[in-house]
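Please keep the model open while reading.

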Amino acid sequence: MKYQQIIRDLREDHDLTQKQVAEYLHVAHRTYSYYELGKNALPIDCLLILCELYHKSADYILGLSDSERYD
C-alpha cells in the first residue's frame, strides 16, 4: 500500500479531517490534500510529525513494514 492511502486511512481512523491534520502540520489544507492524493511528496518533517500524531513508525507509514511499532 502506498503511503498516500496509509496517511488517509490513519486520519480517518482517528476521526480527523484533512483541515485538522493540515493545521497540526502547519501547512495549508490544500497542501495536505495533495499529500494524500500523491500530487506532492510528503516532506520528512511532516512524516515525523505524523509518526508522533498517530504513534506509528515511519516505516509503517511509508508502507515499508507491517509493524506499527513507534518508539
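**Helix ends, helix faces and loops**

Just past the end of helix 2, H26 adopts a positive phi of about 60°. The model is a predicted one.

**Helix 2 with helix 3**

- The axes of helix 2 and helix 3 come within 8 Å and cross at roughly 105°.
- Helix 2 is therefore roughly perpendicular to helix 3, as angles of 65 to 115 degrees count as such.
- On the helix 2 side, the contact uses Q18, K19, V21, A22 and L25. On the helix 3 side, it uses H29, Y32, S33 and E36.
- By class, the residues of this contact of helix 2 with helix 3 are 4 nonpolar, 3 polar and 2 charged.

**Helix 2 with helix 4**

- Helix 2 (residues 18–25) packs on helix 4 (residues 44–54) at an angle of about 115°. Their axes lie 10 Å apart.
- The crossing of helix 2 past helix 4 is right-handed.
- V21, Y24 and L25 of helix 2 make the contact with C46, I49, L50, L53 and Y54 of helix 4.
- The contact of helix 2 with helix 4 has 8 nonpolar residues, no polar and no charged ones.

**Helix 1 with helix 3**

- Helix 1 (residues 3–13) and helix 3 (residues 29–37) have axes that come within 7 Å. They cross at roughly 120°.
- Helix 1 and helix 3 are therefore oblique to each other.
- Helix 1 contributes Y3, Q4, I7, R8 and R11. These meet Y32, Y35, E36 and L37 in helix 3.
- The contact of helix 1 with helix 3 counts 5 nonpolar, 1 polar and 3 charged residues.

**Buried faces**

- Which residues of helix 2 are buried? They are Q18, V21, A22 and L25.
- Seen down the axis of helix 2, these buried residues fall within an arc of 105°, so they line one face of the helix.
- Helix 1, helix 3 and helix 4 pack against the buried residues of helix 2.
- V21 and L25 belong to the buried set of helix 2. V21 and L25 are also among the residues of helix 2 in contact with helix 3, and among those in contact with helix 4.
- In helix 4, the buried residues are C46, L47, L50, C51 and Y54.
- These cover an arc of only 145° around the axis, which puts them on the same side of helix 4.
- The cover over the buried residues of helix 4 includes helix 1, helix 2, helix 3 and helix 5 (58–61).
- C46, L50 and Y54 are among the buried residues of helix 4. C46, L50 and Y54 are also part of the contact with helix 2.

**Loop residues with positive phi**

- H26 sits in the loop between helix 2 and helix 3. Buried or exposed, where does H26 fall? H26 is exposed, with a relative accessible area of 74%.
- The C-alpha atoms of H26 and H14 are 18 Å apart. Along the chain, H26 and H14 are separated by 12 residues.
- D15 lies in the loop between helix 1 and helix 2. Its phi is positive, about 55°, although D15 is not a glycine.
- D15 counts as exposed, at 70% relative accessibility.
- H55 follows helix 4 and lies in the loop between helix 4 and helix 5. H55 has a positive phi near 55° and is a residue other than glycine.
- H55 is exposed too, with a relative accessible area of 54%. Exposed means over 50%.

**N40, between helix 3 and helix 4**

- N40 is found in the loop between helix 3 and helix 4.
- At 31% relative accessibility, N40 counts as partly exposed.
- What does N40 touch, leaving aside its neighbours within four places in sequence? N40 is in contact with Y3, T31, Y34 and Y35.
- Y3 is 37 residues from N40 along the chain. Their C-alpha atoms are separated by 12 Å.

How values were computed:
Residues are numbered from 1 along each chain as its sequence is written. This is a predicted model: local features need pLDDT of at least 70, side-chain atom pairs count only at pLDDT 80 or more; totals for chains, interfaces and linings use all residues. Side-chain values use heavy atoms; hydrogens and water are left out. Axes are lines fitted to C-alpha atoms, for helices over the stretch in contact, and angles run from 0 to 180 degrees between N-to-C directions. Helices (H or I, at least four residues) and strands (E, at least two) are DSSP runs, numbered from the N terminus. Angles under 35 degrees count as roughly parallel, over 145 as roughly antiparallel, 65 to 115 as roughly perpendicular and the rest as oblique. Contact means heavy atoms within 4.5 Å. Ala, Val, Leu, Ile, Met, Phe, Trp, Tyr, Cys and Pro count as nonpolar, Asp, Glu, Lys and Arg as charged, and the others, Gly among them, as polar. A crossing is left-handed if the near helix is turned anticlockwise from the far one by less than a right angle, and right-handed if clockwise. Buried means under 20% relative accessible area, exposed over 50%, partly exposed in between (1.4 Å probe, protein chains only). The arc is that of the directions from the helix axis to the C-beta atoms.
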